[in-house]
Structure formats: structure tokens, C-alpha cells
Amino acid sequence: MSAPASECLFCKIVRKEIPAALVYEDDELLAFKDIFPQAPVHLLIIPKAHCEGLGDLTPEVAALSGRILQLSAQLARDHGVMTGGWRLLSNCGPDAGQTVFHLHFHLLGGKPLGGKLC
Ligand code: 5GP
Ligand code: ZN
């Protein structure tokens, strides 16, 4: 069950009500370090506008998908994992292990990530 936007953890980070280690911000997108990193580089990229996840894309957020991909490559470069390799993923729903119901993309890198998808 997802929280309303007013209670959503990542909306609170967008509104700066909860601190986060920001690595990128513009009018539409925010990126910050995951609080429980699973790799030396573990960033979260989110649209500032709330939607639950990939199954709930609003037209506004869908229009940002290209920018999210461009930003992920820029951040991979900036954080030194472009050459070694990196992964971008979004968990959607309970079977995928989604725990925060505000669309977010994990950017992971800095170690061998394994070849298995699940
Ligand atoms: P999910 O499990 O929904 O795909 O990913 C949610 C991610 O958010 C997890 O990797 C978790 O560590 C991260 N996370 C949860 N709470 C916070 C927080 O308060 N701050 C930050 N920076 N990351 C968080
Ligand atoms: Zn939200």
C-alpha cells in the first residue's frame, strides 16, 4: 500500500523535510545516495513529481524517462563507474521488492554486480 504524496518518504526528501546526500538536482529530477548502499556507488534517481512506480506513470513523469536515462549515464560517468560497468534498475511492486512507492531508479556500480537478473 502506498503513502499519499504528503506522507511519501521521497516526496519529503524532494521538499527537503528529510535530509539526503544529494548528488544532482534540477527542476524535475533529484538524485541522492541510497541510505543503505548495496555497492560502492548506489544512487537513487527520482522524478520530483510523485508517482508510485513504473506501473503508475503519469504523462508528466513518462515524459521525463529520456532525461532520467541521460542523467543516469552522466552520474555513472561522474561517479567513476562508466568504464567498469554499472546497472540501472527500478523495482516495481512487492514481488520485485519495492519498498518506497515513489518511482526511483537504482544506479549501482563500483564492484562486480553479478550476472543474474533474479
Ligand atoms: P526499493 O526497495 O523500493 O527498490 O528501494 C528503496 C531504496 O530506498 C532502498 O535501497 C533503501 O535503502 C532506500 N532508502 C530508504 N529510506 C531511505 C532514506 O531515508 N534515505 C535514502 N537516501 N534512501 C533510503
Ligand atoms: Zn512521493
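Predicted model: local features only at pLDDT ≥ 70, side-chain atom pairs only at ≥ 80, totals over all residues.
The model contains an open sheet of five strands, arranged in the order S1-S2-S3-S5-S4 with antiparallel pairing. Strand S1 (22–25) and strand S4 (86–89) stand at the edges; each has a single partner strand, so one side of each is left without a neighbour in the sheet. From one strand to the next, the twist averages 15°. In general, the strands of a sheet pair through backbone hydrogen bonds, and the pairing is either parallel or antiparallel.

| Strands | Sense | Bridges | Bridge partners |
|---|---|---|---|
| S1 and S2 | antiparallel | three bridges | Tyr 24 and Ala 31 |
| S2 and S3 | antiparallel | five bridges | Leu 30 and Ile 46 |
| S3 and S5 | antiparallel | five bridges | His 42 and Leu 108 |

In this arrangement, strand S2 covers residues 29–33 and strand S3 covers residues 41–47.

**The nonpolar core**

Which residues touch the most other members of the largest nonpolar core? They are Ala 31, Leu 43, Ile 45 and Leu 107, in a core of 22 residues. Two or more residues of this core come from each of helix H1 (9–14), S2, S3, H3 and S5. Strand S3 gives the most, with five residues. This strand is also mostly covered, since six of its seven residues are buried.

Leaving aside residues up to four places away in sequence, Ala 31 touches Val 23, Tyr 24, Leu 43, Leu 44, Ile 45, Leu 71 and Leu 75. One of these residues, Tyr 24, is also the bridge partner of Ala 31.

**Two individual residues**

Lys 16 lies in the loop between H1 and S1. Its phi is positive, at about 65°, although Lys 16 is not a glycine. Is Lys 16 buried or exposed? Lys 16 has 9 other C-beta atoms within 10 Å, and it is therefore exposed, because a residue with 12 or fewer such atoms counts as exposed.

Ser 65 belongs to helix H3. With 14 other C-beta atoms within 10 Å, Ser 65 is partly exposed, because this class lies between the limit of 12 or fewer for exposed residues and that of 20 or more for buried ones. Ser 65 and Pro 47 stand 18 residues apart in sequence, and their C-alpha atoms are 9.0 Å apart in space. Pro 47 falls within strand S3, which spans residues 41–47.

How many residues are around ligand 1? There are 14 of them, and Ile 35, Phe 36, Asn 91, Thr 99 and Val 100 come nearest. By class, this shell consists of eight nonpolar, four polar and two charged residues.

Notes: Residues numbered from 1 in each chain as written. Chains lettered and ligands numbered in written order. Near = placed C-beta within 6 Å. Nonpolar A, V, L, I, M, F, W, Y, C, P; charged D, E, K, R; others polar. Pairing = 2+ DSSP bridges. Helix = DSSP H or I, 4+ residues; strand = E, 2+ residues; numbered from the N terminus. Axes fitted to C-alpha atoms, helices over the stretch in contact; angles between N-to-C directions. Core = buried A, V, L, I, M, F, W, Y, C linked by C-beta atoms within 7 Å. Contact = placed C-beta atoms within 7 Å.
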